[in-house]
Amino acid sequence: MKNIYILSLIWLTLCLQCASPTDKKSTDKKTVPAITVGVFDGHGGAQTCIWETLAALRLDPGIQARTITSAEIAEGILDSLDAIVIPGGSGSRQYLNLGSENQKRIRDFIADGHGAVGICAGAYLFSNTPGYACMALNGAQAIDIEHDNRGHGLSKFTLNEEGKKIFPELSSRDTCYVIYYEGPVFIPSAPDSIRYTLLATMQSDVHEEGNAPAGMTNGKPFFIANQYGKGRVFSSIAHPEATPGMMWMIPRMIRWTLGKPLISYKENTVQPALPQRELLMTTSGLQQESECFQTFLHGTGKAKIDALDWLENHHSWDAKRWVQGLLYDNAPEVRIRAAAYIADTHYLHFLPDIQAALHNEKDPQTRAELQKQVDKLKALLP
């Protein structure tokens, strides 16, 4: 009987010792649920805008992002999400791709306490603009729609005190710069019951293209935000996700819509000094840009490098569609410069391409240069 008692004590002790590490681990390490975000990937969403939005959201360690389609919205994907993003492209085509039933699902989703961010076309879609396909979510009306193709480039804006509360990293800067591409020109929507809060004002006058009138964009809203039911909506007329050094603003917008802590991001990710000045694309600049793309098709190695230099210096919007293939150019100096272009512009979507180029590179010196650019891009990630 005594032996049985002793054996029982030994067995109990061993069980407790085995259980203790697991129990301690489970109680000491608190698991923070991820913020789940769906980026709408439907007809009307520009592919590059979707890529850039997903890349920007990757900068936040607390966010898990994925694309969602109109079919998935209809099948209930919103039930598994905290917030959604409608990226750039065409708001009217996105409106048609969603359909009225999915639009209602999105309205109900936000009103129930979730978040929504609209970028450029997404902000258009969220507006309440007479005669335009929109969802009346943000209390703004777009004007001068007939000159939508007014132009693009690195635009300047100023944050007000409310905006600085959301983006305190920019609070000491009088002027900031973000890529703008034919975004909406907003005024308050008079008959709308929604009242937005102005967070930032556009200071650039964009009218070089499309015979647009001067003096329409400057002084108009750049960022606006509002309550919608129990949820929140953030609208941006421009593209922080396409702007190196400013991509972090997109996950910050998501956090604001959900009332989540506004965490800090890595120092090399938050670089508002990277876009240094207003640089709007002119008609002559567009011609030069087109010539650069032709150089990629028919030029020599030196000419391609010169073209890449010009495109990077002018913050070309369309170059992202052309540069990736140069990672596989037959000239090693072009491969190196293309990799540097992608890393300098923080284009995380092409990280797998640089890694593939590195994997296939035979020249040791070129490999070393490609590795530097891979490391530079990886350093942006949490």
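Colleague: Which residues are exposed on the other side of H13?

Modeller: This is a predicted model, and in it helix H13 spans residues 364-378. Its buried residues are Thr366, Leu370, Gln373, Val374 and Leu377, and because they cover an arc of only 105 degrees around the axis, they lie on the same side of H13. The exposed residues on the other side of H13 are Pro364 and Gln365.

Colleague: What covers the buried residues of H13?

Modeller: The residues concerned are Thr366, Leu370, Gln373, Val374 and Leu377, which are buried in H13. What covers them includes two helices, namely H11 (332-344) and H12 (351-360).

Colleague: Are H9 and H11 roughly parallel or roughly antiparallel?

Modeller: The axis of helix H9 (residues 301-313) comes within 9 Å of the axis of H11, and the two cross at roughly 10 degrees. Angles under 35 degrees count as roughly parallel. Helix H9 and helix H11 are therefore roughly parallel.

Colleague: How do the residues of the contact of H9 with H11 divide into nonpolar, polar and charged?

Modeller: On the H9 side the contact is made by Gly301, Lys304, Ile305, Leu308, Asp309, Leu311 and Glu312, while H11 contributes Glu333, Val334, Arg337, Ala338, Tyr341 and Asp344. Taken together, these residues divide into six nonpolar, one polar and six charged.

Colleague: What percentage of the residues of the protein count as buried?

Modeller: The protein has 13 helices and 12 strands, and its C-alpha atoms fill a box of roughly 100 × 65 × 45 Å along the principal axes. Of its 382 residues, the share that counts as buried is 50%.

Technical notes: Residues are numbered from 1 along each chain as its sequence is written. This is a predicted model: local features need pLDDT of at least 70, side-chain atom pairs count only at pLDDT 80 or more; totals for chains, interfaces and linings use all residues. Side-chain values use heavy atoms; hydrogens and water are left out. Helices (H or I, at least four residues) and strands (E, at least two) are DSSP runs, numbered from the N terminus. The expected span of a helix is 1.5 Å times one less than its number of residues. Buried means under 20% relative accessible area, exposed over 50%, partly exposed in between (1.4 Å probe, protein chains only). The arc is that of the directions from the helix axis to the C-beta atoms. Contact means heavy atoms within 4.5 Å. Axes are lines fitted to C-alpha atoms, for helices over the stretch in contact, and angles run from 0 to 180 degrees between N-to-C directions. Angles under 35 degrees count as roughly parallel, over 145 as roughly antiparallel, 65 to 115 as roughly perpendicular and the rest as oblique. Ala, Val, Leu, Ile, Met, Phe, Trp, Tyr, Cys and Pro count as nonpolar, Asp, Glu, Lys and Arg as charged, and the others, Gly among them, as polar.
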